[in-house]
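Take a brisk walk through this model with the coordinates open.

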Amino acid sequence: MVQATTTQNTHNILEHISGLTAQKDFELLNFSLLKSLSALLTKTRVQTLAVTQDCRFVKQVKYTSDGLDINSNDIDLDERVTKAITKVHQAELDNYIERIGHQSLAIYVLTQERTVTYYLLVAFPRAITQADSYLIAGVLEIYRNFSSLLAHSQTDELTGLSNRKTFESAIYRVCELIREHVSESEDATAQENDGYWLCAIDIDHFKSVNDQFGHLFGDEVLVRFAQIMRTEFKIDDLLFRFGGEEFIALVKAQDRQAVEVILERFRQTIEDTQFSKIDRLTISLGVVAVDPNVFHMTLMDYADQALYYSKENGRNRMTFFDDLVAQGHARLETFEEGEIDLF
Ligand SMILES: Nc1nc2c(ncn2[C@@H]2O[C@H](COP(=O)(O)OP(=O)(O)OP(=O)(O)O)[C@@H](O)[C@H]2O)c(=O)[nH]1
């Protein structure tokens, strides 16, 4: 009987580990981690929490029986949990266990990314046992190893930003988020109020940087440029290096005015930064609102057209694709019925 239970437990653990390592996407990997821990440690509640260097809680992902509950704005934490996590963060601990009455709370550092630390929080309705600790430590080790393999395959080696091949799944996820948000909301303007913007960013005259100072120096500029991108954009924004001196930002912003402020600040920061031997580096930008009903390659094409317009009209500026359409410089792609050949 004991042996049958042990065999079943081992089988459960192995099944969850194989589920964990089958993921090719960070969001699914995190989902799988939370789901596995929740199943293996019965009656526990698990969540992840992103905390900035200055101890602001910026993103909470709770595992519930319905799936993931993701919050960036209304982070809901018990006061005692807030205290415990603040203590762990300030003391830079890797893991910590707090007894709260009969219950216990285990906190572990999951990963560190940009200026944000991601924590795993496991709440037990009882005291945590050594077996619980071993299980969590083992699962976390597998998670971290697999997550660094995944990061390696999805990261641009030079800058550490996401690489081009991750863009398609990222924009697909963003479109899903917008769709979910619109369908959950009664408000017809929801999409406009919680939208994403696809922004193509290209360094101006980068060839002359390479020509004047050499390719190695050009690489240093690209690395520094990516560092500035990481600090200027927020946690919900997704950043990619598309190749060469071309970057993409998927920026979350309430409306066009808000995204204009964010991008203008970024453009100005780059212009004001002294890149070692270069006195002045500038960027051109092309922007389009992410419409989940428009094919992502078409959105990319719109952002590229807007970027091209910025380049052709003086550089060091941004152009919105909508303005090009309104001014008659570009037109929306439309398909008449019967126009598309299926084969
Ligand atoms: N150092 C370095 N240079 C790169 C890398 N990838 C592409 N480049 C260079 O980036 C330059 C891009 O040049 P162009 O496409 O002509 O554009 P540009 O000089 O930036 O001019 P505009 O975009 O029209 O303002 C080329 O010289 C490429 O060799 C890289 O990884 N490192």
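Which residues lie nearest the centre of the second largest pocket? They are Arg45, Gln47, Asp78, Val81 and Ala123. Keep in mind that this is a predicted model. In total, 17 residues line the second largest pocket. Several elements give two or more residues each to that lining: strand 1 (45-52), strand 2 (57-64), helix 3 (79-91), strand 5 (103-113) and strand 6 (116-124). The space inside comes to about 370 Å³. By residue class, the lining of this pocket holds 9 nonpolar, 3 polar and 5 charged residues.

Next, go to the loop between helix 4 (130-154) and helix 5 (167-184). Thr166 is found there. Is Thr166 buried or exposed? Its relative accessible area is 10%. Buried means under 20%, so Thr166 counts as buried. Now look at its contacts, leaving out residues up to four places away in sequence. Thr166 touches Gln154 and Phe240.

At His205, a backbone N or O atom lies 2.8 Å from a ligand oxygen atom. At Asp219, the side chain takes part: one of its N or O atoms is 2.6 Å from a nitrogen atom of the ligand. Glu245 also uses its side chain, with an N or O atom 3.0 Å from an oxygen atom of the ligand.

Note on methods: Residues are numbered from 1 along each chain as its sequence is written. This is a predicted model: local features need pLDDT of at least 70, side-chain atom pairs count only at pLDDT 80 or more; totals for chains, interfaces and linings use all residues. Side-chain values use heavy atoms; hydrogens and water are left out. On a 1 Å grid over the protein atoms alone, a cavity is a set of points where a 1.4 Å probe fits but cannot get out, and a pocket is an open set with protein on both sides within 12 Å along at least five of seven lines; lining residues have an atom within 4 Å of a point. Grid points are joined across faces, edges and corners, and a volume is the space filled by probe spheres set on the points. Helices (H or I, at least four residues) and strands (E, at least two) are DSSP runs, numbered from the N terminus. Ala, Val, Leu, Ile, Met, Phe, Trp, Tyr, Cys and Pro count as nonpolar, Asp, Glu, Lys and Arg as charged, and the others, Gly among them, as polar. Buried means under 20% relative accessible area, exposed over 50%, partly exposed in between (1.4 Å probe, protein chains only). Contact means heavy atoms within 4.5 Å. A polar contact is a pair of N or O atoms within 3.5 Å; within protein, one must be able to donate a hydrogen and the other to accept it, and residues adjacent in sequence count only if both atoms are side-chain atoms.
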